Amino acid sequence: MTIMKTKRPLEGRTALVTGSTSGIGLGIAEAFAAQGARIVLNGFGDKMQIEDTRQKLEQSHDVAVLYHGADLSKAAAVGEMMAYAKAEAGGVDILVNNAGIQHVAPVDEFPPEKWDAILAINLSSAFHTIRAALPDMKARKYGRIINVASAHGLVGSPFKSAYVAAKHGVLGLTKVVALEVAESNITCNAICPGYVYTPLVEKQIVDQAKAHGVSRERVISDVLLKAQPNKRFAQVAEIGALAVFLASDAAQSITGAALPVDGGWTAH
Ligand code: NAD
């Protein structure tokens, strides 16, 4: 008896997820792999651990998983990564701009080099990947661009000038790209998470506990989740599930949108 394998929804598609060696990006990459997409991972980390992650994803989901270690703060490196994705994976059908860094300081004490790095990684890298990916998406008449912004793309918080400016910029870029390619079955949307439990958040818990001289539990309840009405961290799988939906045919009319996943934070 022949066992017929059902075709998974994203078989034949390639999803490139920036900053996918950890946290939300890895969760999104895993969600796309589960739908049958070929994956291009990117991000920093220990070489052996990254290779281990790559192999595990490949084996668990029976898809090809590639990796490119481009430093997204450098436009030329982004170009090399996009050329690699075209040569090795046939181009990018689903582009997820997720890589991001954070630095917290009052604006008059904010180190200019941190400002430049945050703008380069959190905002400009998305411009560089999008401009490289669009010609192939237009030719195929299919493309899904998903920018992982933040609730801080919609509202501000003290001490996060560069991050908030970059994430607001991502929402602006999202709208313009959506308008420019609306007739080509290419959508461009932003996901705006509140707090999601990842290594980036763990670092903030540790830093703020040290800065304020209080316990991590106090930082979680009184600082991080203070503005998040449902009082829980979102999980990376929830962001992955939304990204998969945005890549589906059912979401083809959703474009130029900023979608909060923030437990009600921006409803205030
Ligand atoms: P994370 O620190 O766990 O992961 C960040 C990823 O970006 C890693 O893979 C890292 O290697 C990569 N990266 C950093 N600098 C890079 C560079 N120069 N070149 C290439 N890769 C680089 O963080 P996370 O919490 O998973 O955050 C992912 C995205 O989600 C970020 O854009 C962040 O702003 C956004 N976000 C996170 C939260 C949250 O609560 N975790 C909330 C809102 C938005």
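**The shell around the ligand**

Trainee: Into how many nonpolar, polar and charged residues does the shell around the ligand divide?

Mentor: In this predicted model, where local features need pLDDT of at least 70 and side-chain atom pairs count only at pLDDT 80 or more, totals for linings use all residues. Ala, Val, Leu, Ile, Met, Phe, Trp, Tyr, Cys and Pro count as nonpolar, Asp, Glu, Lys and Arg as charged, and the others, Gly among them, as polar. On that basis the shell around the ligand divides into 16 nonpolar, 13 polar and two charged residues.

Trainee: Which residues come nearest to the ligand?

Mentor: A residue is near a molecule if one of its heavy atoms lies within 4 Å of it. Residues are numbered from 1 along each chain as its sequence is written, and side-chain values use heavy atoms, with hydrogens and water left out. Of the 31 residues around the ligand, those that come nearest are S22, N98, Y163, V196 and T198.

Trainee: How many Å from an oxygen atom of the ligand does a polar side-chain atom of T198 lie?

Mentor: A polar contact is a pair of N or O atoms within 3.5 Å. For K167, a polar side-chain atom lies 2.9 Å from an oxygen atom of the ligand, while for T198 the value is 2.4 Å.

Trainee: Which helix gives the most to the shell around the ligand?

Mentor: Helices here are DSSP runs (H or I, at least four residues), numbered from the N terminus. Helix 1 (23–34), helix 5 (161–180) and helix 6 (199–212) each supply at least two residues of the shell. With three residues, the one that gives the most is helix 6.

Notes
A polar contact is a pair of N or O atoms within 3.5 Å; within protein, one must be able to donate a hydrogen and the other to accept it, and residues adjacent in sequence count only if both atoms are side-chain atoms.
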